[in-house]
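I opened this model to go through its strands, its core and its ring contacts. The entries below follow the order in which I looked things up.

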Amino acid sequence: QVQLVESGGGLVQTGGSLRLSCAASGRVFTINAMGWYRQAPGKQRELVATITRAGSTSYTDSVKGRFTISTDNANNHVYLQMNSLKPEDTAVYYCNAVRFYGVDRYDYWGQGTQVTVSS
């Protein structure tokens with residue numbers, strides 16, 4: 001099992017910055033990739049950014065050039081640096097860890113952290 005705990009959310013004005021952190025514990029050596037998802041009120045949860053164990057990153061189009069995902073060397077922490085924040089970035093942000101075992105995929109989730117961007 002893998003446990004994830006997020007921190008760093010809060011209230012910020014348009015154009016401001018926040019840095020989200022996610023601490024992973026447990027069987028972290030089984031993690032193949034980590035990422036951040038978000039869910040705004042009344043909307044489906046969407047993928048924001050991912051990073052593989054090899055360091056490859058991907059972003060949803062709406063955050064490219066503004067958000068940066070990174071990990072520490074041990075992959076025990078994943079970060080999301082969010083710059084030039086917009087009101088539409090307001091959501092609960094969830095840390096995610098993925099383990100692939102053969103053809104099976106196992107997802108682990110944090111409890112979520114609220115990000116609110118005021119206009």
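In which sense do strand 1 and strand 3 pair, and over how many bridges? I found them antiparallel, over 6 bridges. I take strands as DSSP runs of E with at least two residues, numbered from the N terminus, and I call two strands paired if DSSP finds at least two bridges between them.

Two notes on the source before going on. This is a predicted model, so I keep to its limits: local features need pLDDT of at least 70, side-chain atom pairs count only at pLDDT 80 or more, and totals for chains, interfaces and linings use all residues. Residues are numbered from 1 along each chain as its sequence is written, and side-chain values use heavy atoms, with hydrogens and water left out.

I then checked single bridge partners. V2 has G26 in strand 3 as its partner. Strand 3 is joined to strand 8 by 6 bridges, again antiparallel, and A23 is partnered there by H77. Strand 8 (residues 77-82) pairs with strand 7 over 5 bridges in the antiparallel sense. In that pairing I found T68 opposite Q81.

**Entry: the core**

Which residues of the largest nonpolar core touch the most other members? I listed L4, M34, W36, L80, M82 and Y93, out of 29 residues in that core. Strands 1, 3 (18-26), 4 (33-39), 5 (46-52), 7, 8, 9 (91-101) and 11 (113-118) each supply at least two residues of this core. A nonpolar core here is a set of buried Ala, Val, Leu, Ile, Met, Phe, Trp, Tyr and Cys residues joined through side-chain atoms within 4.5 Å. Buried means under 20% relative accessible area, exposed over 50%, and partly exposed in between (1.4 Å probe, protein chains only). In soluble globular proteins, nonpolar side chains tend to be buried together.

For contacts I use heavy atoms within 4.5 Å. Leaving out residues up to four places away in sequence, M82 touches G16, S17, L18, L20, R66, F67, Y93 and V115.

I looked at I51 in strand 5 next. I51 is buried, at 6% relative accessible area. Beyond four places in sequence, its contacts include A33, M34, I69 and V78.

**Entry: S17 and S84**

S17 is in the loop between strand 2 and strand 3 and is partly exposed at 39% relative accessibility. Among its contacts beyond four places in sequence I noted V12, M82 and S84.

I noted its phi near 50 degrees, a positive value in a residue other than glycine. Most residues other than glycine have a negative phi.

**Entry: rings**

How many aromatic pairs does a search of the whole structure find? I got 1. Y37 and W109 form it, edge-to-face, at 4.9 Å centre to centre and 70 degrees between the planes. Y37 lies in strand 4 and W109 in strand 10 (residues 104-109), so the pair ties together parts 72 residues apart in sequence. For the pair I used rings of Phe, Tyr and Trp (its six-membered ring) with centres within 6.5 Å; planes under 30 degrees apart are stacked, over 60 edge-to-face, and the rest tilted. Y37 is buried at 15%, whereas W109 is partly exposed at 35%.

I also searched for charges over rings, meaning NZ of Lys or CZ of Arg within 6 Å of the ring centre and within 35 degrees of the ring normal. R45 lies over the face of Y94, 3.8 Å from the ring centre. R99 has its charged end over the ring of Y106, 5.4 Å from the centre.

Conventions: Helix = DSSP H or I, 4+ residues; strand = E, 2+ residues; numbered from the N terminus.
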